[in-house]
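These are my working notes on one interface and two ligand sites, written down in the order in which I looked them up.

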Amino acid sequence: MKREPSMLVEARGISKQFGGVEVLSDVDLDLHAGEIHALLGENGAGKSTFAKILAGVHRPTRGTLKLNGSKVDVTNPIAAQKLGIALIHQEPISFPDLSIAENIVMGRQGGGLLSRVPWAKIIADARQYLDMLGVSLDVTLPMRGLSIANQQMVEIARSLASDSKLIIMDEPTAPLTPREVDTLFNIARRLREEGRTIIFISHRLEEVRMLCDRVTIFRDGAHISTQKIDDISDEDIIKLMIGRTLKKFMRKHVAEIGDIAMEVSELSRPGAFEDVSFTLRRGEIIGLGGLVGAGRTDVARALFGVEPAISGHIRINGVDAMIHTPTDAIDLGLAFVPEDRAGHGIFATLSVEHNLTAAVPGKIAPSGFISRSLEREISRKAVDDLSIRLASLRQPIAELSGGNQQKAILARWLLTEPDILILDEPTRGIDIGVKAEFYDMIGDLAEQGRAILLISSELPELLSLCDRILVMSEGRITAEIPREEATQENIMQAAVPRKGVAA
Amino acid sequence: MTLVRSILLRREAGIVVMIFAFCLAVGLYKPHFLTVQSLRIILLLVPLIMIGAMAQMLVLVARHVDLSIGSILGFSAMVVGLMYREFPDIYWLVGFPVAILTGAFLGLGNGLLVTIFRLPSIIVTLGTLSLYRGLTFIISDARQINRSVIPTELKAMSRTSPIFDIPWIILIAFGVALMTYVVARHTQLGRQIYALGSNPEAAPLRGIDVAKVTLVVFTLAGALSGLAGILYASRWGFVNPSNTGAGFEFQVIAAVVIGGVSINGGVGTVSGTVLGVLLLGCVSAALPLLGIPGSTQNAIYGAVILIALLIDRSVRQRGVTSLSRAAS
Amino acid sequence: MMNSTPAPTRELAPARPTWHIVLVRPETMTFLLLLFGLVGASFLSPFFLDAGYILRSFTLTAEMSIVALVLTMVVISGEIDLSPAANMALSACIFAWVQDAGVPLPIAVIVGLLAGLAMGALNAFMSIRMQLPSIIVTIGTLIFFRGLAQVIAGDRSIRVPDSFIGINNVMIAGIPLPVVIFVLVAILLGLVLGTTAVGRQIYQIGTNQQAALHAGINAKKIKVGLFLVLGLVSAAAGIMAASRLGSVRYDLVLGGELQMVLMAMLGGTYIFGGRGTILGTFLAAWLLVIVSTGMTVANLLPAIQLTVLGILLIVAIIATNFIYARTQR
Amino acid sequence: EDIDIVFVGKNTGNPYFDSLTQGFVDACEVIACNFEFVAPATAEATSQIPFLEAQIQRGVDVIAISPNSPDALNQVFQSARDQGIIVLTVNGDITGNEQFRDATILPTDFTKVGADQIEMVGSLIGYEGEIAILSATTEAPDQNFWIEGMNETLANDPKYANMTLVATVYGDDQPEKSTTEMEALLANFPNLKGVIAPTTVGIAAAAQVVQSRGIADQVKVTGLGLPSEMREFVKDGTVEGFQLWSPYNEGWLASYFAVGLKNGTMTNEVGGTFEVPNLGTITINEGNSINTQAALTTFNADNIDDFDF
Ligand SMILES: Nc1ncnc2c1ncn2[C@@H]1O[C@H](COP(=O)(O)OP(=O)(O)OP(=O)(O)O)[C@@H](O)[C@H]1O
Ligand SMILES: Nc1ncnc2c1ncn2[C@@H]1O[C@H](COP(=O)(O)OP(=O)(O)OP(=O)(O)O)[C@@H](O)[C@H]1O
Ligand SMILES: [Mg+2]
Ligand SMILES: [Mg+2]
């Protein structure tokens, strides 16, 4: 005899825009009381954003939420807390100077500002929750210096302490060891028995299958499907997650592969990546795939001299290169489009023009003084070449859409006439239309004889564009797959951390 | 982990060692420095700085800074002085609530500017440093409040004692330190101040009302500066529109930074601050005994701040190193 | 912060019209305030409106104004320096002390300048190399430099030779030399900041240091350079002040840091870096002179002046933040 | 036509100048002058300059000033006098730069202050024992001049043969520093009998230390102080006596002299004399220096209530 499950959360038409890009559109989702509900989707599908909306971190642009049948407005994290919603953030957040125990309770004790802190109880409770998780830490020590895994455990303990009806775990297992994952799962099941609801976000299908009751799949910010986990196969899940036809982005021409442009051997920066070696030839596009946090960005930053490697060699055009700063790299003909566009790419308040010419001061100011006409001419041409859509060269770049900002960054680098381009997630957060233009541009660049290292978390992108695909996992290159043999499955295989090896 | 903790612990132990070493060195040369009498001198030097340091500590822990506390001190002292002058018959203790409320009000002004307009506190308080000082001149008509105006009972607080022959103002200063300890360590407010300074981005995600806490911190700092203002009148027996409290903020910042309060927020203890204040007191008291001209004092303060900054950084650096070690 | 603007219109948003770009900016506010100040001061006192007097009054703050011009560049690059006033005093004291001890004048000047450079280097070391926040570092060095000046000069005023006195009495086309120097430095720095690649990079560093780094701009080098130039110019300003006053004491331009920061802020320099112009600071320097001279010649209490300074500073940052928020979107 | 007189004080909020200013104000109610008082917020060397420039611009007739610097103001004085403005230094002079002012009005004959102060402390301690000086800043010209006089008197006058000056320290005219210096004196010289503090901040701080330690019968504090600040210490027996002059009379005399000079009824010749109501006949001394009174006034429990400055 099965009872009709009671509904805890009903989300209707939830949408969210960031700076003009719609990252969630009209998501409907029902959550039953006492279920563990998996949320799956590719990187950037909008899972975290949806979670943050439930937890009051973001306000939806449109849409309504019902909790236990009554409409609620989760205006901020405090409100969410009061409604019994707890979120374990994907990147653990903490107060590094406060003790572990305090991090577990901070902000959720009642009482006014002058009410007493019940230290003994806080410490005892913290111990109890961490014990429950099988973690032995001195809870009176400050958070600072805790490993990511332990930070994650503290976050989980925090959500347990909160006594919430809905606990959202955003990739909680990413930094954990298998033993820790087991403990976490046992606790999650116990919480389910207590009638609480858990949203579990993960990229690891086997985990989802072990733990969850139902699964929801997001793709490109849209709700694709919700099913009982037993009713759907892994293949179907992956198909629903990836969704697109690969043909759409097929690279039209394959460029002629030329000389070795860059040769990297045994590059290491302990803590970030180890023993990275590969060669990159002119006209070649190498893909660098892997899960988020695999260390790909760190490799790119090391190659470009932003955060140089500790050991290993880089040879450019057959000559040993010393790259300590980006200036060194630029002089050697490298260019780097960083993944964090707002943080590392654009000068938001400066004009498009100033942004375009930032890396080529010598070109616009041959005599030391900037020539306005030269600058205008160069910028105008760059804008035309990449068909960047803008109202005026003098408008602040922040007023452009994300895709056009990204094109401007690429244009900036093309002005340096680089031989080697490192593109880190160049299409992240830009719309499908511009994406296609980007793919064409990348193909054209290769055809011009440039060497390209393309870091991407989107498998179709890698599959359709790259001549070879390197896969990284936990800071090491775990596979090198030629274009002909590459499939989503074998890339994923190499990308997923091997159980037991992780620590 | 324990490494970080032991360094932090050593920070306070380090100041204690410095105080002892300094006192011993001076004592070898001038044995008089090691007497109870000289302890009394040191303790009488520090009450105002101690109270100001408690105020500044709370502000710094919240990852702000208040440069206007000297001007708030001056303004509050002037308000009380004017009150005593205009209403000579008023009960003298009324000065305390008046000074504290005046200070709180000015502190609230800082807090509002910081929270409403989202301005950096350092610039806001640089502005109010000048503004509040100007207002002090205006309300006083640029005239000093003379010794005869300050009630005898108030002045006597710097001499007379209820217990163990320790003058009232020293007791008050240590009382304030104790209260700050209780607030910082044992109230929600205190912990939220630390949380806010430790990670301002995380604070709202963790349900902390950032604006409210910020306002309270600045108001509290103002109130304490106001208290220091009336104690100034007690200690020195006059209130001068241009001198009273001038440069106070720098002495206080020196004491607090020496005491191990991090300029990056989140870190700082009352005990460290008290020790920092005492160390400065020892230095101030020892200079004349050693015959070192008072004109070197500012250079010494400045150098001490710079050195404390470097120590602060190296402690943090080691903290970061141990973090990356733990992560790898 | 978490609100978002409607997406599709964003990309197509028309560029601001030219008049908007030209007029809606902090410098316009400064200029209007300047006119307003002129009119107001003329009403306050009949003795005010006299070009000779205004120029003479400007000479009194010309040294600080020159330093404020360089400080503007430091602030645009995303740092701040509160120590230049103390640097002026210490450099001037060292200069006067050295020449008082019998060192020939030109060498004494060089020693003074080198001292200023060393002070700039200390600031650069602490804030750039050790990566400590420059605002706190320079509060420390402010106390330290002033304290050292006090150690050197005590309460004494050190005289400079008569031949060295009187830079303010040298007239060029009827304009006192310090004012001429100020104008020239303003033009020079305006050109550097506005038309050279380095100037452009200063804005880029101040706007987004990480992005600048990723674009191959050597932010550290430029910032260190700015601190050094600021140290050197402060020293030169201190020595100019010595020539104007004929003697030097440790309390030279005591509290001048507030005025310098005020000049930069009032001219529309953005406290968080990336925005501001030399023109703005140039106008603000005149504005301040007019405001304070107007009040002084009307025999207003200095108290009122302090109050007005404080209010101006706060209002200036609020207004600048507001204007930038409006034009930034 | 009334004569416009401006007095530029060292700084605002300095109680000493309240009384001095009152002298000007009262005189200008009697004789034909307009008076204004201005002063910078801080007593820093250069802070008076804008105020002087403003007065020149206003075209006043007489600038009276208590200079904050003995030499930094020379250039401005020069341009004032070039415009025919009379420059009088009041209560302090620009020693070594006398050519930049017309005359100086000093409260008393400074050459006698040292001797008077030694006599004062001698009378309090029975002309026997260790004494010390707590002065203003190390470079304060007036104080240093008086201290020189004290040293000479001690060395040359047999009356004081049993008194030894053990230390001269400087409190920089700040209450905190003056207090610690006073405490250090007591610590370093346990047999100290008397302290001369020839500065108003110093004497109050010294008295406060003695009061708080309750050692008024062992250590006698004297020096130069304002009756309004010292009244309490005199009344409770902490201080038996101290000295000063009348700042009021300085302002009073300065006004009469200024108006006289401007009207041509008085001259600025060394050796010349003129009459001032209440003060009698005044002589212009060497270096165009004028004194308002011949000797210091001594204040004690008997007369302190007669003075309100
Ligand atoms: N604060 C923000 N501002 C602008 N864009 C954002 C912001 N947060 C997320 N995005 C964008 O929204 C999209 C969805 O991001 P979200 O973090 O929800 O993805 P996700 O499904 O959690 O991916 P992952 O598996 O990588 O965690 C991405 O394109 C991301 O770049
Ligand atoms: N800003 C940062 N601060 C601290 N740790 C970071 C930061 N960025 C990355 N990391 C950590 O460094 C490691 C490697 O991350 P990296 O960004 O290089 O991975 P990635 O494979 O490039 O991921 P992505 O798909 O997000 O680009 C991860 O453990 C990650 O948590
Ligand atoms: Mg996510
Ligand atoms: Mg990456």
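**Interface of chain C and chain D**

I began with salt bridges, and between chain C and chain D I count one. I keep in mind throughout that the model is predicted. I then looked up which side chains form the salt bridge, and they are those of Arg56(C) and Glu53(D), which meet with 3.1 Å from N to O.

I next asked which elements of chain C give two or more residues to the side that touches chain D. I noted helix 4 (51-76), helix 11 (219-245), helix 13 (278-297) and helix 14 (302-328) of chain C. Helix 4 of chain C gives the most to this side, with three residues. Sorting the residues of the side of chain C that touches chain D by class, I get 13 nonpolar, seven polar and eight charged.

For the extent of the contact, I recorded 28 residues from chain C and 31 residues from chain D. The two chains bury about 2,400 Å² between them, and 53% of that area is on carbon and sulfur atoms. I also looked for polar contacts across the interface of chain C and chain D, and the rule finds 10 residue pairs, with both residues at pLDDT 80 or more.

**Ligand 1**

I moved on to ligand 1 and found 14 residues surrounding it, of which the closest are Gly44(A), Lys47(A), Ser48(A), Thr49(A) and Gln90(A). Which helix of chain A gives the most to the shell around ligand 1? I find that it is helix 1 (residues 47-54), with three residues. By class, the shell around ligand 1 divides into three nonpolar, eight polar and three charged residues.

I then went through side-chain distances to oxygen atoms of ligand 1. For Thr49(A), a polar side-chain atom lies 2.5 Å from an oxygen atom of the ligand, and for Ser48(A) the corresponding distance is 2.6 Å. For Glu171(A), I noted 3.4 Å between an N or O atom in the side chain and an oxygen atom of ligand 1. On its own ligand 1 has 630 Å² of accessible area, and the protein covers 70% of this.

**Ligand 2**

Around ligand 2, I listed residues of chain A that include the run Leu291(A), Val292(A), Gly293(A), Ala294(A), Gly295(A), Arg296(A), Thr297(A) and Asp298(A). The list also holds Glu339(A), Glu425(A), Arg428(A) and Ser457(A). Dividing this shell by class gives three nonpolar, four polar and five charged residues.

I checked the polar side-chain atoms here as well: one of Thr297(A) lies 2.5 Å from an oxygen atom of ligand 2, one of Glu339(A) lies 2.7 Å from an oxygen atom of ligand 2, and one of Glu425(A) lies 3.4 Å from an oxygen atom of ligand 2. How much of the area that ligand 2 exposes when taken alone does the protein bury? I recorded 620 Å² for ligand 2 taken alone, of which the protein buries 53%.

Technical notes:
Residues are numbered from 1 along each chain as its sequence is written. Chains are lettered from A and ligands numbered from 1 in the order in which they are written. Side-chain values use heavy atoms; hydrogens and water are left out. Contact means heavy atoms within 4.5 Å. Buried area is the accessible area (1.4 Å probe) that two parts lose on being put together, summed over both. A salt bridge is a side-chain nitrogen of Lys or Arg within 4 Å of a carboxyl oxygen of Asp or Glu. A polar contact is a pair of N or O atoms within 3.5 Å; within protein, one must be able to donate a hydrogen and the other to accept it, and residues adjacent in sequence count only if both atoms are side-chain atoms. Helices (H or I, at least four residues) and strands (E, at least two) are DSSP runs, numbered from the N terminus. Ala, Val, Leu, Ile, Met, Phe, Trp, Tyr, Cys and Pro count as nonpolar, Asp, Glu, Lys and Arg as charged, and the others, Gly among them, as polar. A residue is near a molecule or strand if one of its heavy atoms lies within 4 Å of it. Accessible areas come from the Shrake-Rupley method with a 1.4 Å probe; for residues, only the protein chains shown count as cover.
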